[in-house]
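Please open the structure in a viewer and keep the sequence panel beside it.

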Amino acid sequence: MCGTSQVNGAMGGGVVQQYAPAGTNVGGMQGGVVQQGTVTQGGGHAHGAVAGAAGGPAGHEGHGHDSIMYGIKDTNPNQSSFIKGSLGADAGTGFKLEKGKGFKGKAGRNPNGNDQKQNNLKEADANRPAYGIPKTVAGTKDKPNYVQDIQVSIGMGALEALKPEVLQTLIANQNAGKGSVWNGVAYLTGLIDQHDGSVTPELEQQRSQIMQTKVGQSGKTIEQWATNPKDQNGTNWARSNHAMTGVKAYLQLEAQGIPTKVALDLANNDDLVSGAGRIDQIAPGRASNNQENTFTGMNGAERKEWAKAAKYAKELNRPDILRTLMDSHTMGSHMLTQYGNKGAKSKINGNLGIDPNTPADARKQLLVNYFMNNEKDPKTKDAKADVKKAVDKQENKLEAKADAKAEGGGAPGGGAGAPEVAAGGGCAMDPTQGAKLIGGGPADMSSIAAMLQQLVTTLQALAAALGSSGVAGVSGSGPLQKPPVTQAPAVIQGGGANATAPAPAMAGHAH
């Protein structure tokens, strides 16, 4: 998250590990594992949610090039042991991961034709993690299948967030030609019972403790998270990068003080994470996920989940929820975007009229405002025309009301001597009812002087009546002071109850 925030300590009885994202100020450190409100030394590294945001080092909106996954080398001494096209810069040759049951007999996503096409990393899918998939599952002669890859990706995300030193060791071993991160994660998270040389004797001794590590306040262990190829709603994770980043997004929301149920419902959510890829920005005007022909670029299921997220944000008065979720599609998972993939043209940029060179923080605040104020999108094929039609209709109403007022000495039905602000207009005073809020927007200039005079007279009478009672904040009978100008609250960037003002925004950059 942008800016800084105070992270809640562990809730309940014993020591519970929580993920504190980079940009979070706890005990003066950046990122890591929180234990009873303090950060241990083991995990102080930056994660992808801060990428491109003020306070984050990456400078790319929504992409954590500071993720430890980017420590995986593009080449490997045992290159032939990996599926061609699955590792780093070697990606570009199409490959397929077949359907089948996941580890421990778990059913998950049966890949369709589009899924198979998008396994072709460089040409079709900018978001497929390029960590390298071994040709065989350790201890077997079997090629990994689609569901198994999703399960391992979940485990990778959990280890990066909660056991980064473990993942660092696996990465170093793969780079040295000792096994694979993929098989090492599968073994250490309890998915398989053998490894391929990637796991050191020290990690062997820690295996049980790693598997049983609790994932925040979810009530589940790393092993339980990795085993389940479905999200909180029972929906199959559709992509490995969705599953990997969903874990980290959940832990970030919880670290920012969001109730566990809400954090699980939103971040452990395939459609919501996928929708984030439709609206992120990996290059000016380009989103990392293929765009649907809709106002936001999201499909119907994705848009429904984002409406739910906005509802939670309103109920909790936490618009920063949406800020975290915007980065949930690409939270630093060694993705192909580092090799220059330009993504898909951003539909939401065009339809909201957002300059693609707008600084990342400012752009994200515009998107937060849109989702907070629009449960549904325009439905016509030409969404821009639909928006313009609604604006023109509102302007015509205002003009008609202003004309009626100018001709009749007041708005229709308003009564003589009771000036009313045009719909959308401000505060109009009715002597029989006191102040009456009509709405916000431009006032009729022909009656502004009378309205202001009546407002001042009424307020002075109110102050005199209240005397020194102190009611409603009025104290004494002196002259009224000009009330402070109010503004719509800025989106809280850091999250948490004690979030500070956001740091200056940084522009997103092309990869």
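## First selection: Asn183

Asn183 counts as buried, because its relative accessibility is 2% (buried means under 20% relative accessible area, exposed over 50%, and partly exposed in between, with a 1.4 Å probe and protein chains only). The model is a predicted one, in which local features need pLDDT of at least 70 and side-chain atom pairs count only at pLDDT 80 or more, while totals for chains, interfaces and linings use all residues. Residues are numbered from 1 along each chain as its sequence is written, and side-chain values use heavy atoms, with hydrogens and water left out.

Asn183 belongs to helix α5 (helices are DSSP runs of H or I with at least four residues, strands are runs of E with at least two, and both are numbered from the N terminus). Which residues is Asn183 in contact with, leaving aside its neighbours within four places in sequence? They are Pro134, Thr136, Val137, Ala138, Ile192, Asp196 and Ser198 (contact means heavy atoms within 4.5 Å).

## The whole chain

Please now zoom out to the protein chain. Its secondary structure comes to 16 helices and 7 strands. Of the 511 residues in the protein chain, 52% are buried. The chain exposes about 21800 Å², and carbon and sulfur atoms supply 52% of that area (accessible areas come from the Shrake-Rupley method with a 1.4 Å probe; for residues, only the protein chains shown count as cover). Among contacts between residues at least 6 apart in sequence, 65% join residues at least 24 apart.

## Helices α3 and α5

Two packed helices are described by the angle between their axes and the distance between the axes. Select residues 146-162, which form helix α3, together with residues 181-188, which form helix α5; the two pack at an angle of about 80°, with their axes 9 Å apart. Axes are lines fitted to C-alpha atoms, for helices over the stretch in contact, and angles run from 0 to 180 degrees between N-to-C directions. Helices α3 and α5 are therefore roughly perpendicular to each other (angles under 35 degrees count as roughly parallel, over 145 as roughly antiparallel, 65 to 115 as roughly perpendicular and the rest as oblique).

On the α3 side, the contact is made by Gln148, Asp149, Val152, Gly155, Met156 and Leu159, and on the α5 side by Val181, Trp182, Val185 and Ala186. By class, this contact of α3 with α5 has 7 nonpolar, 2 polar and 1 charged residues (Ala, Val, Leu, Ile, Met, Phe, Trp, Tyr, Cys and Pro count as nonpolar, Asp, Glu, Lys and Arg as charged, and the others, Gly among them, as polar).

Remain on helix α3 and select Ala161, which lies in it. Ala161 counts as buried because its relative accessibility is 1%.

Select helix α8 (residues 240-255) and helix α9 (residues 260-267), whose axes come within 9 Å and cross at roughly 155°. The two helices, α8 and α9, are therefore roughly antiparallel to each other. In α8, Gly246, Ala249, Tyr250, Leu253 and Glu254 meet Thr260, Ala263, Leu264, Leu266 and Ala267 in α9. The contact of α8 with α9 has, by class, 7 nonpolar, 2 polar and 1 charged residues.

Helices α9 and α11 pack at an angle of about 160°, with their axes 10 Å apart. They are therefore roughly antiparallel to each other. Here Lys261, Val262, Asp265 and Leu266 of α9 meet Lys308, Ala309, Tyr312 and Leu316 of α11. By class, the contact of α9 with α11 has 5 nonpolar, no polar and 3 charged residues.

Select Asn317 in the loop between α11 (300-316) and α12 (320-326). Is Asn317 buried or exposed? Asn317 counts as exposed, because its relative accessibility is 60%. Its phi is near 55°, a positive value in a residue other than glycine.

Move to Lys104, in the loop between β3 (38-39) and α1 (113-117). Lys104 also has a positive phi, near 60°, and counts as partly exposed at 46% relative accessibility.

Finally, select Asp280, in the loop between α10 (270-279) and β4 (286-287). Asp280 counts as buried at 3% relative accessibility. The C-alpha atoms of Asp280 and Asn349, which are 69 residues apart along the chain, are separated by 9.8 Å.
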